[in-house]
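Got the sequence and the 3D view open?

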Amino acid sequence: MSDTPTIASLVGRADSIYRDYSLTTVREWKARTGGLAMGFMPIYIPCEILDAQGVLPVGLMGARDDLEIIKGDAYYQSYICHIPRSTIELGLSGRLDCLDGVLFPAICDVIRNLSGMWQMLFPTKLVRYLDVPQNFEPAIGGRFYRHELEELAEALTSRGARPYDAEALRGSIARYNALRREVRALYALRQRLPWKVPTSELYVLLRAAVVLPVDDATRMLSEYHGLALADESRLPLDQARVMLTGSFCEQPPLGLIRTLERSGCYIVDDDFVQVHRWIQSDIPLDGDPMEQLVLAFLGDAMASPTRYIDKAEKGADLVLRIQRSGAEGVLFASPSFCDPALLDQPMAVRAVERHGIPWTAFKYSENTGQFQVIREQAGTFADSIKLWSVA
Amino acid sequence: MTPTTQTAKKDDSQVRQKEMIARHYDKLAAAPQTGDKNVYTFVPGNLTELLLSFDLLPVLPEINSLQSAMRGKTAEYISLAEKAGHSEDVCTYVKSDIGMMRSGNIGPTGQKLPNPDLLLLSYTGCFTFLKWFELLREEYHAPVAMLHVPYQPDGRITPAMRDYVVKQLKDDIIPALERISGRAFDEAKLSEHLRLSAQAEDDLVWVLQSAKHRPSPIDAYFGAVYYVGPIFSAFRGTEDAVAYYRALRSEIEERIREGKGPVTPDGDIEKERFRVVVEGPPNWTSFRQFWKMFADEGAVAVASTYTKVGGVYDAGFRHDPSRPLESLAEYCLGCYTNLGLPTRIEMLANYVRDYEADGFLINSVKSCNSFSAGQLHILREVEKRSGKPGGFIESDLVDPRYFSAANIKNRLESYFQMLEQKRMGGAA
Ligand code: SF4
Ligand code: SF4
């Protein structure tokens, strides 16, 4: 790789990190720093706590269609989504050995039960189920969440991480604020000029960003942003602008994202890799940093099928995102057997229908290999949107 | 989560249960006229005593779904829900409930159920509950009171978990119930209901543990779903429930004296050939047929985890009138599906040992990730720890499309043959 990055070199590097089941960059980081590395499952964990204690957070997002599942299928029935079996496969085949533990955030019963399996399968590792509140009052859910975070910090220390330090956490919040800003900026650029930021590129960059140390990730995204914006060879095509929703946990194969783009869709907002978008604005750097993390989770997190929506109307946030992104239609793209996504979908559909927004829906699995049907469906959908917009 | 009518000859306890249920549904049906208020809520982590202390009537949609299945209605209900856009992949309890609502909301007794005055989302042991009541909120435009119960990943209740639940009870749930009922919270009344709960719980535990006898006087899976009915639903904390469990206990005492095995759909089991522990909920669409597959082989369930979804009383928990809210919190936290997998495995292995079972069976239901995700791991681990063979069958709760009778029967027959061979091998 030359010293001056190009779009191709950045995306190429991100792609190789995304494809590397053995987490080579994590192994190298550990060898270099002597720090601990903690895996985490989707959707969100407070990476700042880990970073502040010198621990590298490493996003685990299942596998692609090229991972041969040898052991994982023996752990799951056919009617359970794919991500737990590929995660088990990666674990049992030793590919995740460099991780000192894994965090399992509370998003659904599958991840929840997987945390128990992990405890038993990897007894020497740190395995924590990170419960997150569904009550958003600071004095109730906030207090509980703070306690969870304090316990997490202590658990990391017991494994050899630096003890919790408020100033270090403030510094980490600042670093993650910077990363979140870059992610938001790229999403904004893609909304404005989607031909400059193909989702297939943005996606692998985000996947690399959950594995790289925070400052590296921020730099990579920032460099890509500058280069993509400046690239005059990328010209607009007559594509439909769509929002893709439902893919917050098990991820579609990259081939599927490419298929959607090739079938005539500009994806102008999506639910992929949400960890660095979960908190939607900068977390304040004043006051008690742990408390600021808690308050951000309670008051500034994305709406998600995995969170209880207590005040607003269901789907209101989705509609707002559609409107803000200028999407002309919605692709409901959910993993097969994903309870949170699929149970949520009828409510989300009603919300978009109330606003007269066209939609279509399909399911996928992270190892889906055939995209022909989806290509035709998305192509027809994109064509119909374009026809309507002309009419 | 439990059916309400026994299938063989009626004992005193069964008659009582039937009457209790009939009275309850009569009250619900009359609610629009009487002005009685009702609260829809879930079996695991239900707050029945608290509702009763406000004179509110509980409605359990899970029970309506399983009752609909036993009445052969769920194929139609599920199809209605799927036509309305609900995925074929998700929990069929939810779809059955939504289909039932769209078909006029006729409950198990053939009477119309009132719309909910409140949806009490006690979110214990299952994420689907959250989505279920979000869906019902849209259908009924009813208010929701949310009680988030943290999970027990390490099999222990921490003070932070308990405090979180108690605080929600105080700050959110009780005020919501006060609003709906128009009454002030009466802690003494709640405590009195909890006192009654503990009495009934003592007798229920006695009944469940009677399966340690040989032969077991009860079937602790199929039969026991009737036994847990009152305590898992609208009756915990009532004099009726106390009387029901007292009557049930004396009937079981009688069976033990007479050396009888359990009642089955076709009468008393003649010879207990196999003692098994069962994990997972039953199938409700072919409940009798499923049970018969066991009974025909002389297989008796001596313990089950399904009968712990509404409370793990045999591990010692009792509602405690002296600490009403803390006790309710601990109850919610302790329900079976809220326990981490290692705890579930330990519990199953202990059952196999304590009830001297020949093996254990898992009925894995397609609907329920809360139960099913991880059951293949449970199978291997319990085999390893107990040294007894495990069997694995797959079906669903209320979707008849996923009950393949021939397939399940084959599997069960092979499993029981294997147990027999092991026994003969062991004896040789
Ligand atoms: S894909 Fe859906 S059901 Fe599967 S683990 Fe993720 S959130 Fe849970
Ligand atoms: S997923 Fe399981 S526990 Fe949850 S509502 Fe459905 S059957 Fe009940």
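Helices (H or I, at least four residues) and strands (E, at least two) are DSSP runs, and they are numbered from the N terminus. With that in hand, you can find A:Ile43 in the loop of chain A between strand S1 (36-40) and helix H3 (47-52). Keep in mind that this is a predicted model.

- Some background before you look: most peptide bonds are trans, and most residues other than glycine have a negative phi.
- A:Ile43 is where to look for an exception, as the peptide bond that joins A:Pro42 to A:Ile43 is cis, with omega near 10°.
- Chain B has a cis bond from B:Arg214 to B:Pro215, with omega near -5°.
- You'll find B:Pro215 in the loop that runs between helix H8 (187-209) and helix H9 (224-227) of chain B.
- B:Asp55 isn't a glycine, yet its phi is positive, at about 55°.
- That residue, B:Asp55, sits in the chain B loop between helix H2 (48-53) and strand S2 (57-59).
- Look for B:His141 in the loop between helix H6 (128-140) and strand S4 (144-148) of chain B.
- B:His141 counts as exposed because its relative accessible area is 69%, and exposed means over 50%.

**Around the ligands**

- Ligand 1 has chain A residues around it, including A:Cys81, A:Cys108, A:Cys249 and A:Cys338.
- Also in that group around ligand 1 are A:Glu250 and A:Asp339.
- Helix H5 (109-121) and H13 of chain A each bring at least two residues to the shell around ligand 1.
- Sorted by class, the ligand 1 shell holds ten nonpolar, no polar and two charged residues.
- Ligand 2 is surrounded by nine residues, and the closest are B:Cys91, B:Cys126, B:Phe129, B:Cys368 and B:Leu397.
- Which element gives the largest share of the shell around ligand 2? That's H6(B), with three residues.
- The ligand 2 shell has eight nonpolar residues, one polar residue and no charged ones.

- The largest pocket has a volume of about 990 Å³.
- Its lining has 44 residues, and those closest to the centre are A:Gln280, A:Met302, A:Ala303, A:Asp317 and A:Arg321.
- Several elements of chain A each supply at least two lining residues to the largest pocket, among them helix H7 (166-192), helix H11 (289-300) and strand S7 (329-335).
- H12(A) gives the most to the lining of the largest pocket, with seven residues.
- By class, the lining of the largest pocket splits into 19 nonpolar, eleven polar and 14 charged residues.
- The second largest pocket holds about 480 Å³ of space.
- Of the 23 residues lining the second largest pocket, B:Val312, B:Asp314, B:Ala315, B:Leu339 and B:Met347 are the closest to its centre.
- H14(B) gives the most to the lining of the second largest pocket, with six residues.

**Two aspartates to zoom in on**

- B:Asp314 belongs to the loop between strand S8 (299-304) and helix H13 (324-334) of chain B.
- B:Asp314 is buried, because its relative accessible area is 18% and buried means under 20%.
- What does the side chain of B:Asp314 make a polar contact with? Its partner is the side chain of B:Tyr351, at 2.6 Å.
- Beyond its neighbours within four places in sequence, B:Asp314 is in contact with B:Val205, B:Gln209, B:Lys308 and B:Tyr351.
- B:Asp219 is in the loop between H8 and H9 of chain B.
- B:Asp219 counts as buried, with 3% relative accessibility.
- A polar atom of the B:Asp219 side chain lies 3.2 Å from the backbone nitrogen of B:Ala301.
- Leaving out neighbours within four places in sequence, the contacts of B:Asp219 include B:Tyr227, B:Pro262, B:Trp291 and B:Ala301.
- B:Ala184 is 35 residues from B:Asp219 along the chain, and their C-alpha atoms are separated by 43 Å.

Conventions:
Residues numbered from 1 in each chain as written. Chains lettered and ligands numbered in written order. Predicted model: local features only at pLDDT ≥ 70, side-chain atom pairs only at ≥ 80, totals over all residues. Heavy atoms only, no water. Buried < 20%, exposed > 50% of the residue type's maximum accessible area, 1.4 Å probe, protein only. Near = heavy atom within 4 Å. Nonpolar A, V, L, I, M, F, W, Y, C, P; charged D, E, K, R; others polar. Polar contact = N/O pair within 3.5 Å; in protein donor to acceptor, adjacent residues only side chain to side chain. Contact = heavy atoms within 4.5 Å. 1 Å grid on protein atoms, 1.4 Å probe; cavity = no way out; pocket = protein on both sides within 12 Å on 5 of 7 lines; lining within 4 Å. Points joined across faces, edges and corners; volume = space filled by probe spheres on them.
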